Amino acid sequence: MIVDAHLDLAHNVLDLGRDLTLPLAELRKRDGYKDIPVVTLPALREGGVGLCFATLWADPKKHTDPQAAHTAARAQLEVYRRWEDAGLVRIIRSTGDLRCHQERWPADRVPALVILIEGGECIREPGEVAFWKAEGVRLIGPAWNRTRYCGGTREPGGLTPLGVELLHAMDEAGLALDFAHMDEQAFWESLEVFRGPVCATHANPRSLLGGADTPFANRHLSDAMILAIGERGGMVGAVLFNFFLDHTWSRGMERLSLHAVQKHLYHVARLIGWDKVGLGSDFDGGFGMNENPEGLNQPGDLARIGDLVPAEAREGVLGGNWLRWLERWL
Ligand SMILES: [Zn+2]
């Protein structure tokens, strides 16, 4: 089964008005947005994507205070619940759920969701972590841009005192930490504070993206950061947006070849081993098909990435590594 560790599914439903229960061709016909959609539930199913990390992400431009972000994230959670009630997805809350899903999936192909909070503003105060855990959340990425908890993309900075409290609450609740979008200073401080499972659901090696001085560099990972994630037994998911694979690429340019993805995968694998490399496509996360590398037009095309890695790493990179990582702590 393919695992995609980053999809903003509910954001696409509620902010873009997309009906993700439609077949992909049907959604493309109806959709009025300039970005061509890549992901729907039937497309995940047909493409063999058996599990994805589905975000609760409140756009800070739209939801400008913690209460508004909280309300937005609750509404997104409801989208996933409705799908679960309709039998369209399985929400994974425990290792038992995961095992059961792995048994049933080959026959019914129902995709599973692991719920991930991206950008911590919807957590009104650290004590609320237990509430989100009870609601099904299993990973939290405290950053997007800077939040009340830490520095983030294009807004550098460390952990705030509230951020330290948040990480302690996550440890207590047994939730995993997603470093995606987190600024490097906050990253190192978090490693000091947080004891639980770590990963970066959708981030690439900064050293292949022009180094520290290019725009958006701080949302990616230095080699030292990748090594530190590896030392903690964490995973790095490759994000498949062209601009995050080649910083000289911009919208309207020809799509990159899959070779660009291959370079990033090999770089991470050389640092921490193929068993810690995975995918976190971020498909439809503010961009569409034409902003993906050539050949990645629907979720099932992720299988092509298996041809870019050593044969013995294929199963792990496409999904097995994320599954084993989840099994260790979920
Ligand atoms: Zn993101």
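The dialogue below goes through how residues and contacts in this predicted model get their labels.

Student: What makes E118, H181 and H202 donors of the zinc ion?

Tutor: Donor atoms must be N, O or S within 2.8 Å of the metal. The OE atom of E118 and the NE2 atoms of H181 and H202 coordinate the zinc ion at 2.0 to 2.2 Å, so they meet that cut-off. Along the chain the donors follow the spacing E-x62-H-x20-H. E118 belongs to strand β4 (residues 112–118), while H181 is in the loop between β8 (176–178) and α8 (184–193), 63 residues apart, and the pair links distant parts of the chain.

Student: Why are E118 and H181 called buried?

Tutor: The limit for buried is under 20% relative accessible area. E118 has 6% and H181 has 7%, so both count as buried.

Student: How do you know that F179 and F187 form a tilted pair?

Tutor: For F179 and F187 the centres are 4.4 Å apart and the planes make 55 degrees, so the pair is tilted. F179, at 2% relative accessibility, is buried, and F187, at 0%, is buried too. The structure holds 16 aromatic pairs.

Student: What makes F216 and F244 a tilted pair?

Tutor: The reasoning uses the 6.5 Å limit and the range between 30 and 60 degrees. F216 and F244 are 6.0 Å apart, centre to centre, with 55 degrees between the planes, so the label is tilted. F216 sits in the loop between β9 (198–200) and α9 (223–231) and F244 in the loop between β10 (235–238) and α10 (259–272), so this pair ties together parts 28 residues apart in sequence. Ring pairs also join F216 and F244 into a cluster with F241, F243, W249 and F287.

Student: Are F216 and F244 buried or partly exposed?

Tutor: F216 has a relative accessible area of 26%, so the residue is partly exposed. F244 has 8%, which is under 20%, so F244 is buried.

Student: What is said to lie over the face of F216, and at what distance from the ring centre?

Tutor: R154 does, at 4.4 Å from the ring centre. The distance limit is 6 Å, with the charge also within 35 degrees of the ring normal. R154 is in the loop between β6 (150–152) and β7 (155–159).

Student: Why is R154 called exposed?

Tutor: Exposed means over 50%. R154 is at 51% relative accessibility, so R154 counts as exposed. The backbone of R154 has a phi near 60 degrees, a positive value in a residue other than glycine. Most residues other than glycine have a negative phi. D284 also has a positive phi, near 65 degrees. D284 lies in the loop between β11 and α11 and is buried, with a relative accessible area of 3%.

Student: What makes the H220 side chain and the backbone nitrogen of N204 a polar contact?

Tutor: The side chain of H220 reaches that nitrogen at 3.2 Å, and the limit for a polar contact is 3.5 Å. H220 is in the loop between β9 and α9. At 2% relative accessibility, H220 counts as buried. Residues that H220 touches include A203, R206, M225 and F244.

Student: Why does H267 count as buried?

Tutor: H267 is at 13% relative accessibility, and the limit is under 20%, so H267 is buried. The residue is in helix α10 and touches P205, S207, L208 and D223, leaving aside residues up to four places away in sequence.

Student: How many residues has the largest nonpolar core, and which have the most contacts inside it?

Tutor: The core has 91 residues, and L9, Y80, W83 and I305 have the most contacts inside it. Helix α4 (residues 66–85) gives the most to this core, with seven residues. Among the residues that Y80 touches are L7, L9, L56, V89 and I115. A second, separate core of 19 residues includes C199, W322, L323 and L330. In soluble globular proteins, nonpolar side chains tend to be buried together.

Notes. Residues numbered from 1 in each chain as written. Predicted model: local features only at pLDDT ≥ 70, side-chain atom pairs only at ≥ 80, totals over all residues. Heavy atoms only, no water. Core = buried A, V, L, I, M, F, W, Y, C linked by side-chain atoms within 4.5 Å. Buried < 20%, exposed > 50% of the residue type's maximum accessible area, 1.4 Å probe, protein only. Helix = DSSP H or I, 4+ residues; strand = E, 2+ residues; numbered from the N terminus. Contact = heavy atoms within 4.5 Å. Donors = N, O, S within 2.8 Å, 3.2 Å for Na, K, Ca; no water. Polar contact = N/O pair within 3.5 Å; in protein donor to acceptor, adjacent residues only side chain to side chain.
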